[in-house]
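Colleague: I am new to this model and would like to learn how to read its features one at a time. Could you give me the general idea each time, and then the case at hand?

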Amino acid sequence: MRYAAIDVGSNAVRLLIANIIENNGSVSFKKNTLVRVPVRLGDDAFLNKHISDKKADDLVKSMQAFKNLMDVFKVTDYMACATSAMREADNGQEVADRIKTEAGIDLQIVHGQSEAEIIYASHAEINIDKDKNYLYIDVGGGSTELSLFSRGELQASQSFNLGTIRILDNQDKEETWNEMKDFIREHTRHHKNIFGIGTGGNINKLYKLSNEKDGAPLTYAKLKSLYNYLDSFSMKERINVLGLNQDRADVIIPACEIYLTVLKCANIKSMYVPTVGMVDGIIQTLIDKNQKV
């Protein structure tokens with residue numbers, strides 16, 4: 001049995017096809033195929049509040065390709081979610097309707113709160129010490145989702161309109177930064193020794209660049225020095241010398257800035273990076289849904 005997850009983000013669109021494994025009543029998944037297309041809807045959505053015909057065409061073509069792959073892999077269930085770029089574009093629903101008609105994919109535009117819930121659904125597999133406190137930090141192109149857990153229970157969760165594409169396009173607002181810092185201070189002051197859990201494409205890449213051993217946390221100090229190192233290269237050098245993809249080479253700097261701000265504000269010394277993202281959370285959500293049936 002195979003499930004598929006589609007994440008229509010502000011920087012890229014992703015398709016994850018996963019094999020579903022049932023073992024003695026417990027259901028897990030193994031990644032089979034992951035496809036990523038850098039459509040970058042955020043540039044349109046955050047600057048013009050409207051997705052251009054060209055971007056809409058690129059998105060529809062990507063969805064048609066995803067649908068074909070899902071058919072070939074004989075996917076039995078799927079879920080497609082669009083986040084902040086589609087939320088903010090005045091024609092987001094119109095584009096979603098076009099995708100339904102032309103690609104046969106039912107794309108849901110999810111609210112920030114739902115996005116946060118899907119993201120932290122993906123971490124069922126992490127060996128979390130239930131007695132500790134964790135702040136989930138997911139940084140995307142258009143928004144940052146924060147969720148605080150204490151003793152395995154969700155204490156607070158919020159989505160903020162702060163993301164890498166938004167910062168690159170100078171569409172981030174000082175009051176949003178302050179609102180995020182206020183949220184962090186308010187909800188972390190009663191908890192000592194909070195650990196971070198970082199998700200999203202940028203932190204996965206940063207973790208790889210850090211050369212940490214698998215499973216070892218990334219310290220604030222290590223992330224800060226990595227940021228200074230990357231920032232010392234031009235965009236062109238990050239592509240040619242460091243070998244970063246063009247659509248990663250620019251967003252990785254503002255991503256670092258968001259993670260460093262959150263860690264510092266919450267007084268977090270180290271962060272676990274389970275190298276999962278929205279698509280993993282969608283697959284886990286599908287597993288949970290189908291187990292209830």
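**Reading the strands, helices and cores**

Modeller: Let us begin with two strands that run parallel, strand 6 and strand 9, which are joined by 6 bridges. Helices (H or I, at least four residues) and strands (E, at least two) are DSSP runs, numbered from the N terminus, and two strands pair if DSSP finds at least two bridges between them. This is a predicted model, in which local features need pLDDT of at least 70 and side-chain atom pairs count only at pLDDT 80 or more, while totals for chains, interfaces and linings use all residues. Residues are numbered from 1 along each chain as its sequence is written, and side-chain values use heavy atoms, with hydrogens and water left out.

Colleague: Which residue of strand 9 is the bridge partner of Asn133, and what is the order of the strands in the open sheet?

Modeller: The partner of Asn133 is Ile194. The open sheet has 6 strands in the order 8-7-6-9-11-10, and its pairing is mixed; strand 8 and strand 10 (218-219) are the edge strands, each pairing on one side only. Strand 9 also pairs in the parallel sense with strand 11 (residues 270-272), over 2 bridges, where Gly196 has Met271 as its bridge partner and Ile197 has Tyr272.

Colleague: How many residues of strand 9 are buried, and on which sides do they lie?

Modeller: Buried means under 20% relative accessible area, exposed over 50%, and partly exposed in between, with a 1.4 Å probe and protein chains only. By that rule 6 of the 6 residues of strand 9 are buried, so this strand is largely enclosed by the rest of the structure. Ile194, Gly196 and Gly198 are buried on one side, and Phe195, Ile197 and Thr199 are buried on the other, which leaves both faces of strand 9 covered.

Colleague: How should I read a helix, and which residues of helix 7 are buried?

Modeller: One can start with length, for which the expected span is 1.5 Å times one less than the number of residues. Helix 7 (residues 174-188) has 15 residues and reaches 21 Å from its first C-alpha to its last, close to the expected 21 Å. Its buried residues are Thr176, Trp177, Met180, Phe183, Ile184 and Thr188.

Colleague: What is a nonpolar core, and which element gives the most to the largest one?

Modeller: In soluble globular proteins, nonpolar side chains tend to be buried together. A nonpolar core is a set of buried Ala, Val, Leu, Ile, Met, Phe, Trp, Tyr and Cys residues joined through side-chain atoms within 4.5 Å. The largest one here has 38 residues, and those with the most contacts inside it are Leu135, Ile137, Leu146, Met180 and Leu223. Helix 12 gives the most to this core, with 10 residues. Leaving aside residues up to four places away in sequence, Leu223 touches several residues, including Ile203, Cys256, Tyr259 and Met271. A second, separate core of 31 residues includes Ile6, Val60, Ala96 and Leu107.

Colleague: How many aromatic pairs does a search of the whole structure find, and how do I read one?

Modeller: A pair of aromatic rings is described by the distance of the centres and the angle of the planes. Rings of Phe, Tyr and Trp (its six-membered ring) pair if their centres lie within 6.5 Å, and planes under 30 degrees apart count as stacked, over 60 as edge-to-face and the rest as tilted. The search finds 7 aromatic pairs. One of them, Tyr120 with Tyr136, is tilted, at 6.1 Å centre to centre and 40° between the planes. Tyr136 and Phe149 form an edge-to-face pair, at 5.0 Å centre to centre and 70° between the planes. Tyr136 lies in strand 6 and Phe149 in strand 7, so this pair ties together parts that are 13 residues apart in sequence.

Terms used: Contact = heavy atoms within 4.5 Å.
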